[in-house]
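Hi everyone, thanks for coming. Let me put the structure up on the screen, and then we'll walk through a few parts of it together.

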Amino acid sequence: MPPVLVDAIRAALDGGVVFPSLDAAVTIRRSRPHGHVAAVLGTLRSLGLVRILGRKAERMRDLAVAAVVARIIDPASKLATARALDPQTASTSLGAVLGLGPVTGNGMLDMLDWLLKRQPWIERSLANRHLKGGNTLILYDVSSSYLEGRCCPLAAFGHNRDGKRGKRQVTYGLLCAADGCPVAVEVFAGNTGDPSAVASQAAKIHRRFGIDRVALVGDRGMLATVRIRENLEPAGLDWVSALKTGDIRKLLKEGADGAPAPLVPEALAPDAVAEITGPEFPGERLMVCLNPRLREERRRKREELLGATERTLADIAAAAARARPGPQNRDRTIKALGRKANRRKAEKHFDVTVRDGGMDWKRNRDRIGAEARLDGIYVVCTSLDSPSLGPEAAVEAYKSLASVERAFLAMKTSRLRIRLVHVYSEDHVRAHVFLCMLAYYLEWHMRRRLAPILFEDDDREAARAQRSSPVEPAEVSESAKAKADTKFTPDGLPVHSFTTLLADLATLTLNEVTLPDSPDHAFPLLAQPTELQARAFELLEIDPAKYVAM
């Protein structure tokens with residue numbers, strides 16, 4: 001007798017029930033992706049974001065929570081998000097876990113209106129959590145996203161950072177804590193320049209966040225000298241920025257009384273930070289850095305541009321030599337120079353002479369030498385005194401603006417996708433950008449917790465210790481290098497990117513199951529997590545079984 005039949009007879013004799021097949025024992029009525037929902041929603045709750053979004057339990061708050069989570073697991077339009085949450089068309093377990101019931105596109109738009117009204121409170125709560133200390137550094141940068149159509153009142157032509165010519169856009173400024181954690185965002189019309197956005201923020205920081213002393217960290221294009229004197233100083237804000245090339249050249253000039261120049265490039269040591277002062281910048285500390293790698297790259301690139309410009313000039317000169325000498329040939333050559341010679345912004349390094357019968361040129365060695373003298377040199381400036389922010393710390397603070405750029409990358413292109421913007425009213429666009437910022441806030445914390453199983457550095461202190469100077473290139477720790485080389489963690493688990501880890505977690509399903517005797521009564525049954533999924537939930541300190549509902 002087959003062993004299977006023996007086991008069946010034994011089970012029947014013991015009082016059990018024997019079914020001819022597994023389908024007759026249980027019925028899986030529906031199966032929804034659940035693991036990524038549990039991971040993101042669990043992190044959101046552990047961070048206390050539910051209470052920050054709204055103290056009172058209400059439907060708008062639940063929809064806002066769902067929208068933030070959905071922005072991470074599957075960014076889509078508000079109508080598509082409503083479809084993914086509605087019980088009849090749900091694509092994940094999110095709507096069921098939150099008990100949302102029927103969800104409509106208009107309901108999601110109402111949620112945006114509610115969220116926009118809550119934005120000042122939410123940002124103030126995040127600032128109280130992440131902006132602390134006597135001297136608070138705030139990273140600030142501005143970006144933009146282009147829009148389709150002409151319906152949005154904020155859409156305007158401006159400096160398009162996406163490289164989309166002929167497209168209207170909206171501009172937004174992002175405030176981050178010193179470690180890169182996003183705190184606040186503000187949306188401007190698409191033709192708003194970076195300095196104007198700074199002026200708006202400078203007037204609001206003290207009032208919105210109530211911090212005694214704030215230092216704004218911004219790039220040199222945004223925190224120009226004029227903007228500092230007109231907006232930051234009257235508002236009582238300190239700053240950390242960098243000098244433009246024209247301002248650095250002022251440091252090369254000797255004083256009117258014969259005093260030596262504040263900056264002598266030949267005296268700088270590679271990868272070192274030298275603090276100086278200059279009469280052109282009263283009340284500011286100037287940290288001069290020489291990056292030898294940047295110097296070599298600038299020299300290589302300049303030589304390539306000069307060579308390419310020489311080839312263009314040679315073509316123009318050959319055309320002029322072939323033509324009949326005269327004023328018309330001279331005018332034609334001048335027009336050709338205007339169209340072609342400065343395409344690579346290197347014509348300034350040539351002395352060009354145009355005649356009726358042709359054209360001559362040569363390199364201007366003095367101009368090239370003057371520009372090359374500043375190769376690899378950049379100057380960080382700050383109004384903070386040395387006890388508040390040392391020279392190397394000031395350089396580190398300025399270089400930390402890279403974390404804001406990473407935030408823009410995540411919000412614009414890689415995961416959260418600010419655009420396509422499927423809403424058009426001014427308030428809805430503002431709320432949409434704020435929603436994306438909240439989603440990045442949540443993702444930022446998740447990446448930190450999940451770093452041991454992601455292609456990210458999980459030992460930042462060790463990586464930082466490998467550098468003797470902030471001018472040197474950023475390094476990664478040995479553990480991060482090992483993960484990149486082997487594609488496995490020390491425990492033998494496969495390493496993921498954040499996107500592929502969410503896809504892996506989504507395979508942990510929440511199943512709606514019925515029994516033959518009770519076909520009208522379903523109960524939830526969670527799939528068994530894999531070893532990697534269990535490790536992810538362990539790092540997040542989340543039990544996926546707690547986020548089960550029908």
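Helix 16 (402–414) gives the largest share of the lining of the largest pocket, namely six residues. This is a predicted model, where local features need pLDDT of at least 70 and side-chain atom pairs count only at pLDDT 80 or more, while totals for chains, interfaces and linings use all residues. Residues are numbered from 1 along each chain as its sequence is written, and side-chain values use heavy atoms, leaving out hydrogens and water.

By pocket I mean, on a 1 Å grid over the protein atoms alone, an open set of points where a 1.4 Å probe fits, with protein on both sides within 12 Å along at least five of seven lines; lining residues have an atom within 4 Å of a point. Grid points are joined across faces, edges and corners, and the volume is the space filled by probe spheres set on them. Helices (H or I, at least four residues) and strands (E, at least two) are DSSP runs numbered from the N terminus.

So, the largest pocket: its volume is about 1,300 Å³. Of its 35 lining residues, Ser403, Arg406, Arg448, Arg460 and Arg464 are the closest to the centre. Elements that each supply at least two lining residues include strand 2 (136–146) and helix 17 (426–450). By class, the lining has 15 nonpolar, four polar and 16 charged residues (nonpolar is Ala, Val, Leu, Ile, Met, Phe, Trp, Tyr, Cys and Pro; charged is Asp, Glu, Lys and Arg; the others, Gly among them, are polar).

What about the second largest pocket, and how much space lies in it? About 750 Å³. Arg220, Thr245, Leu294, Arg298 and Ile377 lie nearest its centre, out of 30 lining residues. Helix 12 (292–322) gives the most to this lining, with seven residues.

Now to a pair of helices. Helix 5 (residues 59–73) packs against helix 8 (residues 105–130) at an angle of about 100°, their axes 9 Å apart. Axes here are lines fitted to C-alpha atoms, for helices over the stretch in contact, and angles run from 0 to 180 degrees between N-to-C directions. That makes the two helices, helix 5 and helix 8, roughly perpendicular, a word that covers 65 to 115 degrees. In contact (heavy atoms within 4.5 Å) are residues including Met60 and Leu63 in helix 5, and Met108 and Trp114 in helix 8. That contact has seven nonpolar, one polar and two charged residues.

Notes: Angles under 35 degrees count as roughly parallel, over 145 as roughly antiparallel, 65 to 115 as roughly perpendicular and the rest as oblique.
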